[in-house]
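Here is a briefing on one predicted model. It is grouped by topic for quick reading.

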Amino acid sequence: MRHGKAVKKLGRKKEHRKALLRNLLRALLTHSRIKTTLRKAKEVKKLADKIIAFAREDNLKNRRRAQQILMDKKLVKKLFLEYAPLMRERTGGYCRLYRSGFRVGDNAEMAILELVAKPEKK
């Protein structure tokens with residue numbers, strides 16, 4: 001039984017799952033929108049909401065936590081300087097999830113995950 005188990009395994013070992021979620025999170029923060037399976041999108045949404053929540057307060061501890069998760073200094077800078085000010089007034093719900101039908105090959109349910117507030121393009 002899976003009582004009290006919060007982690008969805010996604011059919012992968014721990015290291016592979018961690019890398020997958022990290023890459024999806026990095027893609028979401030880079031492009032503000034990604035298309036993936038529904039289960040993966042729900043897991044990335046949890047992670048994205050958590051990282052944006054502590055990015056709202058800009059201090060060294062939070063920057064190091066973000067760097068530890070994202071492993072990309074440019075993306076951490078973008079998170080704290082572009083996304084965090086846009087999300088500062090919100091108390092949660094930084095991502096939006098749309099179901100977008102089923103994939104042709106294996107009939108997996110697909111979803112579009114996007115950030116609620118997007119920075120303006122220059």
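Residues are numbered from 1 along each chain as its sequence is written, and side-chain values use heavy atoms, with hydrogens and water left out. Helices (H or I, at least four residues) and strands (E, at least two) are DSSP runs, numbered from the N terminus.

**Helix α1**

- The 18 residues of α1 should span 26 Å at 1.5 Å a residue, and the end C-alpha atoms are 26 Å apart, which agrees. The expected span is 1.5 Å times one less than the number of residues.
- Arg17, Leu20, Leu21, Arg22, Leu24, Leu25, Leu28 and Leu29 of α1 are buried. Buried means under 20% relative accessible area, exposed over 50%, and partly exposed in between (1.4 Å probe, protein chains only).
- The buried residues of α1 pack against β1 (33-37), α2, α3, α4, β2 (95-102) and β3 (109-115).

**Packing of α1 and α3**

- Helix α1 (residues 14-31) and helix α3 (residues 60-70) pack at about 115°, with axes 9 Å apart. Arg22, Leu25, Arg26 and Leu29 of α1 meet Gln68, Ile69 and Leu70 of α3. Contact means heavy atoms within 4.5 Å.
- The residues of this contact comprise four nonpolar, one polar and two charged. Ala, Val, Leu, Ile, Met, Phe, Trp, Tyr, Cys and Pro count as nonpolar, Asp, Glu, Lys and Arg as charged, and the others, Gly among them, as polar.
- Axes are lines fitted to C-alpha atoms, for helices over the stretch in contact, and angles run from 0 to 180 degrees between N-to-C directions.

**Largest pocket**

- The volume of the largest pocket is about 540 Å³. On a 1 Å grid over the protein atoms alone, a pocket is an open set of points where a 1.4 Å probe fits, with protein on both sides within 12 Å along at least five of seven lines; lining residues have an atom within 4 Å of a point. A volume is the space filled by probe spheres set on the points, which are joined across faces, edges and corners.
- Its lining has 17 residues, with Val7, Lys18, Leu21, Leu47 and Lys50 nearest the centre.
- α1, α2 and α3 each supply at least two lining residues.
- The lining of the largest pocket holds seven nonpolar, one polar and nine charged residues.

**Second largest pocket**

- The second largest pocket holds about 250 Å³ of space. It is lined by 12 residues, of which Ser32, Lys78, Pro119, Glu120 and Lys121 lie nearest its centre.
- α1 and α4 (73-87) are the elements that give two or more residues to this lining. α4 gives the most, with three residues.
- This lining has two nonpolar, three polar and seven charged residues.

**Single residues**

- Asp49 lies in helix α2 (residues 38-55). Asp49 is buried, at a relative accessible area of 17%. Leaving aside neighbours within four places in sequence, Asp49 is in contact with Gly93, Tyr94 and Cys95.
- Leu10 is in the segment before α1. Phi of Leu10 is near 55°, a positive value in a residue other than glycine. Leu10 counts as buried, at 17% relative accessibility.
- Met71 sits in the loop between α3 and α4. Phi of Met71 is also positive, near 55°. Met71 is exposed, with a relative accessible area of 51%.

Conventions. This is a predicted model: local features need pLDDT of at least 70, side-chain atom pairs count only at pLDDT 80 or more; totals for chains, interfaces and linings use all residues.
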